[in-house]
Amino acid sequence: MRSVFWEDNQLRMIDQRILPARFELVSFRRHADVAQAIKEMVVRGAPAIGAAAAFGLALAGYESASSSIRDLLADLQAAANTLRAARPTAVNLAWALDRVMRVAYSVNGNADDVRAAMLNEAQKIADEDVEINKRMAEHGAALINDGDTVIHHCNTGALATVDWGTALGVIRTAHEQGKRIHVLVDETRPRLQGARLTAWELEQYGIPYEIISDNMAGYFLKAGKVQKCFVGSDRTAANGDVANKIGTYMLALAAFDNGVPFYPVVPTSTIDLSLASGDLIPIEERNPDEVLDIQFKGERVAPVEAQARNPAFDVTPARLVTAIVTENGIAYPPFEESLRKVVK
Ligand code: MRU
């Protein structure tokens, strides 16, 4: 089942806030509710956010009562702005909205033709995502050897995409090719996408795994117990700097120090060639309650007065990246050249 799909004139999504305790679908008919769902992480993961936003914009077309193209486009532009503001780091959000808006502006017909073309484009974005992930996974799986133990950060699987996944998709394909793999799953504080979502997916695929707290990665890397690291990305700059879930940078540092290859798996829709370096990537800062609302033995851990910080992403400098896996092949340093080639 896809994590994001269109059914009965509405957008339906797996509610990722409550997994693995409960598996529930939520339905959307209004773009503002989709924007809210992206903010609250009902849907999350860069490609899944992009597809959700594309369908959200298609919904805005049906919400608008305008019969004139000019008025409809004005309503759509306002809806696109609302959706775009939901989360700043994953470039797939803006990329998908721009794609659907371009189609809306290019239609030669009446307002209903524009609505139909937008929905069609959103569906195309969703379908392409699955196909791209499978191609990317084939390229990436070639990097995995039989018997490898790999560290994976956050959740980059079917849930984070429309289906199959990016970094987890690589692991899944290698597993289907018959390679024996063991996955050390970073629990990924503070939202625990690893412990909750990646572990839940790996259970279903029958891939052996163990959850580790994020601060254990260095220990296992130094002990020579890990052959590769695979992560996703929310935005990768033209020089190969990789923004991804908070904690990725520390993992990359520890991998580099121990000579363990570090591979971001990144669809070209996540590569932002307009940004020369990762310093220019906007980093989302989320509610500190996500850090503070944690209990140990039934008690809140932090003092009630405690303040916290909660940057949701960090940037791994290109010098720590061994290679970047894309659907158009594997890009090696110097990334200024190789990323341009794969994007073309
Ligand atoms: O905050 P999230 O859960 O949306 O962050 C997700 C990640 O950081 C993933 O690694 C990234 O989106 C790539 S996954 C296909």
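Mentor: Start with a definition. Axes are lines fitted to C-alpha atoms, for helices over the stretch in contact, and angles run from 0 to 180 degrees between N-to-C directions. Keep in mind that this is a predicted model.

Trainee: What angle do H4 and H5 make, and how far apart are their axes?

Mentor: H4 and H5 pack at about 145°, and their axes are 9 Å apart. Their crossing is right-handed.

Trainee: Which residues make that contact?

Mentor: From H4 come Trp95, Ala96, Arg99, Val100, Val103 and Ala104. From H5 come Val114, Ala117, Met118, Glu121, Ala122, Lys124, Ile125 and Glu128. By class, the H4 contact with H5 has 10 nonpolar, no polar and 4 charged residues.

Trainee: Now H2 and H4. What makes H2 roughly parallel to H4?

Mentor: The axes of H2 (residues 46-63) and H4 (residues 91-106) cross at roughly 30° and come within 7 Å. Angles under 35 degrees count as roughly parallel. H2 is therefore roughly parallel to H4. The crossing of H2 past H4 is right-handed.

Trainee: Which residues of H2 and H4 meet?

Mentor: H2 brings Ala46, Pro47, Ile49, Gly50, Ala53, Ala54 and Leu57. H4 brings Asn92, Leu93, Ala96, Leu97, Val100 and Met101. In this contact of H2 with H4, 11 residues are nonpolar, 2 are polar and none is charged.

Trainee: What does valine 114 touch, leaving out residues up to four places away in sequence?

Mentor: Valine 114 touches Ile69, Leu72, Leu76, Ala104 and Val107. The C-alpha atoms of valine 114 and alanine 58 are separated by 9.4 Å, though the two are 56 residues apart along the chain.

Trainee: How many disulfides are there?

Mentor: The count is 0 disulfides.

Trainee: How do you know that cysteine 154 is too far for a bond?

Mentor: A disulfide needs two cysteine sulfur atoms within 2.5 Å. The closest cysteine sulfur to that of cysteine 154 is in cysteine 229, 15 Å away, so the distance is too far for a bond. Seen from cysteine 229, the closest cysteine sulfur is that of cysteine 154.

Trainee: Are these cysteines buried or exposed?

Mentor: Cysteine 154 has 6% relative accessibility, so it counts as buried. Cysteine 229 has 0%, so cysteine 229 counts as buried.

Conventions:
Residues are numbered from 1 along each chain as its sequence is written. This is a predicted model: local features need pLDDT of at least 70, side-chain atom pairs count only at pLDDT 80 or more; totals for chains, interfaces and linings use all residues. Side-chain values use heavy atoms; hydrogens and water are left out. Helices (H or I, at least four residues) and strands (E, at least two) are DSSP runs, numbered from the N terminus. Angles under 35 degrees count as roughly parallel, over 145 as roughly antiparallel, 65 to 115 as roughly perpendicular and the rest as oblique. A crossing is left-handed if the near helix is turned anticlockwise from the far one by less than a right angle, and right-handed if clockwise. Contact means heavy atoms within 4.5 Å. Ala, Val, Leu, Ile, Met, Phe, Trp, Tyr, Cys and Pro count as nonpolar, Asp, Glu, Lys and Arg as charged, and the others, Gly among them, as polar. Buried means under 20% relative accessible area, exposed over 50%, partly exposed in between (1.4 Å probe, protein chains only).
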